Amino acid sequence: MDALLIAVPIVGAVLAYLTRANGWRSAMLIAIAAFHSAVVVSLWRRAPTPIDGSWIGLDDLGLIVLSVTSAVFLSVAVYAAAYLRSNVPRGGRVFVSCLLVFLGATSLVALSQHIALLWVGLEGTTLSLAPLIYSRHDRRSLEAVWKYLVLSSVGIALALLAVFLLAAAQASDTGARTLLLTDLTARATRLDAGWLRAAYVFALAGFGTKMGLAPLHTWKPDTYGEAPSLVGGLLAGTLTTCAFLGVARFTQIATAAGLEPFVRPLLIAAGVLSLVIAAAFIIGQSDVKRMLAYSSVEHMGLLVLGLGVGGVGAYGSVLHMINNGLIKGALFLAVGNLVLAAGTAVAADMRGMRMARPASAFLVLAGLFAITGSPPFGLFVSEFSIIDGALQQDHPWIAGITVVMLTLIFVGLARMIIGILYAPTLEPHEEAARGRERPSFVIAPAFLTAIVLMFGLYIPPSLQAALARAAVTLGGHSP
Amino acid sequence: MTHSATQLLLLLVVLTDFAVLGTSRLSACIRWIAFQGALLGVLSLVVGGEISWNAVLLAAGTIVVKAIVLPAFLRWAIREAAIRREVEPLVGYLASVLLGGAALGVAFGVAASMPASVRDALVVPVALVTLMIGMIILMTRLKAITQVIGYLMLENGVYLFGITLARRVPFLIEAGVLLDVFVGVFIMGIVVFHINREFDSISSANLSELRES
């Protein structure tokens with residue numbers, strides 16, 4: 001059953017490439033995304049337990065990541081089908097095929113119980129999105145895709161080094177199977193601490209580059225700014241989540257080996273730096289998609305910060321991974337609607353969107369409150385848990401800095417979004433140009449926003465239990 | 001016998017690092033990086049100890065991908081784009097080589113402080129220096145194609161760690177790693193081709209439209 005989640009999208013990608021009719025290809029994309037989501041929902045019926053010795057299997061953290069990526073991908077697929085009807089990019093076949101390969105690769109990452117297999121999957125996700133970033137075929141997107149490729153490739157090479165170093169740490173334990181997660185965590189005390197430390201540093205740098213942690217975030221604004229919005233949603237909503245899973249896996253191993261005193265300061269430093277950099281560039285940002293990219297840097301910072309403070313913070317971090325993935329997908333799609341309507345992503349030129357695209361404007365407004373951690377959205381709960389974790393673990397300064405940065409970011413984001421939505425248009429007659437909004441363009445982000453709203457009010461017991469178990473493996477506990 | 005052969009191969013790897021670092025002609029750079037790929041293939045056989053079918057297959061795969069297919073692809077890219085040499089690197093050739101020398105010193109320094117469970121003492125510094133020189137090329141050269149060569153060298157350094165240091169990583173995984181590197185460089189090559197068509201020059205210095213204003 002698990003392997004189908006990988007195999008079906010990959011086979012679908014080949015079939016989509018061979019299909020000539022645009023309509024069939026879009027139908028195939030939605031059908032496969034729906035199948036994927038249906039399988040993932042069915043997996044929630046029982047608690048996940050990986051089969052011993054198998055490279056592919058489900059554990060709590062993997063199932064959570066799988067669910068986030070599946071939900072975001074389903075929305076993006078519905079959106080993409082409508083998008084491809086109005087904007088046919090050059091090579092529409094490649095577009096759909098790459099999306100499906102990406103889905104297969106994310107499933108592989110989430111299901112990997114073997115660290116090197118996780119690496120292979122993550123490299124697959126990186127490469128499958130590159131042609132999509134370049135789908136506009138102009139100079140700016142070319143520059144964006146080059147920066148994305150070079151920095152991601154260096155990051156992923158460092159992550160591979162981390163994988164090899166981890167294998168070296170296992171060398172003295174002759175009974176263990178190489179790089180299998182169950183053996184790594186169960187026999188963690190027999191790992192060589194020196195190699196493990198080196199592996200962890202490279203893993204944080206490598207996967208951190210893919211997540212977009214400061215100071216290795218520089219590809220992010222360029223790439224998110226130039227990629228089509230739905231690709232931006234995939235990058236910010238799912239690719240970063242998969243990269244975070246890489247950091248989380250290494251953290252699980254280091255935690256099991258009792259290396260928390262070594263890894264936690266590293267995570268806290270990366271997290272705080274990301275928050276500060278994000279706040280600095282969000283204030284005064286002029287391009288709305290680039291601003292979303294810096295907002296992503298902020299949330300990646302919060303994720304590692306939560307792991308770094310431990311305790312309730314680790315629980316908050318996993319919950320935040322879910323909320324951030326979903327709302328980033330929703331925001332990119334909704335903001336994308338406004339950008340398409342305005343014909344630009346420069347905030348000063350996008351005015352009066354409240355009148356021109358009321359439904360999308362409402363979703364962007366909801367997304368603004370959600371992403372800045374306002375109640376009643378899920379991000380309020382998860383950010384609160386992370387800050388609470390910092391206080392409980394005797395890091396009052398870190399809690400203080402976090403609150404200040406989150407406030408600054410709220411001001412920066414709100415100023416731009418409110419301007420886009422409510423500033424009067426320069427020419428009055430434009431007000432009349434109230435466009436009809438395609439249902440798919442609104443339903444897709446609305447679906448994701450609704451889930452985030454639900455997680456702010458109610459977390460289902462099965463998810464609550466999975467979160468608690470995942471937090472324990474990361475050296476924390478549930479509140 | 002195998003020990004001294006390994007030492008010799010590792011020394012040759014370091015020489016190819018410096019050869020790429022000090023050469024301005026791109027065709028020569030590609031020749032050296034292809035040679036380095038072949039060295040890695042042979043090394044993976046020599047270091048592995050007992051010779052199995054999987055090991056032979058993997059060594060053959062490494063040589064085919066790193067020494068034949070990718071260099072041929074890069075050669076195609078520079079022929080299509082009609083570029084011969086790296087003009088005006090950010091850091092001059094002599095300075096680059098000196099920087100490489102410093103990297104070599106750092107590599108041996110770091111390697112000395114690493115846990116001493118390695119079978120072959122030279123492996124760690126050689127892998128590290130290959131990694132660092134790859135990084136130097138990636139950062140100091142302006143042409144996108146030379147940056148691809150730098151990335152390939154960086155990847156070779158990581159691969160060296162893999163074949164010598166890590167306990168037997170399963171064959172399928174090694175093959176997956178090789179496939180990913182192949183696809184990665186392939187996509188980069190295609191982008192290089194587009195950069196050339198779009199900008200009439202293959203310099204990544206033209207790629208500076210996107211920045212914070």
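In chain B, 73% of the contacts between residues at least 6 apart in sequence join residues at least 24 apart. A contact here means that the C-beta atoms of two residues, placed from the backbone, lie within 7 Å. This is a predicted model: local features need pLDDT of at least 70, side-chain atom pairs count only at pLDDT 80 or more, and totals for chains, interfaces and linings use all residues. Residues are numbered from 1 along each chain as its sequence is written, while chains are lettered from A and ligands numbered from 1 in the order in which they are written.

**Chain B**

- Chain B has seven helices and zero strands. Helices (H or I, at least four residues) and strands (E, at least two) are DSSP runs, numbered from the N terminus.
- Along the sequence, the pattern of chain B reads α-α-α-α-α-α-α.
- Chain B has 213 residues, of which 45% count as buried. Buried means 20 or more other C-beta atoms within 10 Å of the residue's own, exposed means 12 or fewer, and partly exposed lies in between; C-beta atoms are placed from the backbone.

**Where chain B touches chain A**

- In this interface, 36 residues of chain B are in contact with 36 residues of chain A.
- On the chain B side, helix 6 (144–164) and helix 7 (171–199) each supply at least two residues.
- Helix 7 of chain B gives the most to that side, with twelve residues.
- By class, the chain B side has 21 nonpolar, eight polar and seven charged residues. Ala, Val, Leu, Ile, Met, Phe, Trp, Tyr, Cys and Pro count as nonpolar, Asp, Glu, Lys and Arg as charged, and the others, Gly among them, as polar.

**G124(A)**

- G124(A) sits in helix 5 (residues 115–133) of chain A.
- G124(A) counts as buried because it has 24 C-beta neighbours inside 10 Å.
- Beyond its neighbours within four places in sequence, G124(A) is in contact with V101(A), A105(A), L108(A) and D180(B).
- T106(A) is 18 residues from G124(A) in sequence and 8.2 Å from it in space, C-alpha to C-alpha.

**Helix 3 and helix 13 of chain A**

- Helix 3 (residues 60–86) and helix 13 (residues 312–342) of chain A pack at an angle of about 5°, with their axes 10 Å apart. The two helices are therefore roughly parallel.
- Residues of helix 3 in this contact include I64(A), V68(A) and Y79(A). Among those of helix 13 are G325(A), G329(A) and L333(A).
- By class, this contact has eleven nonpolar, three polar and no charged residues.
- Axes are lines fitted to C-alpha atoms, for helices over the stretch in contact, and angles run from 0 to 180 degrees between N-to-C directions. Angles under 35 degrees count as roughly parallel, over 145 as roughly antiparallel, 65 to 115 as roughly perpendicular and the rest as oblique.
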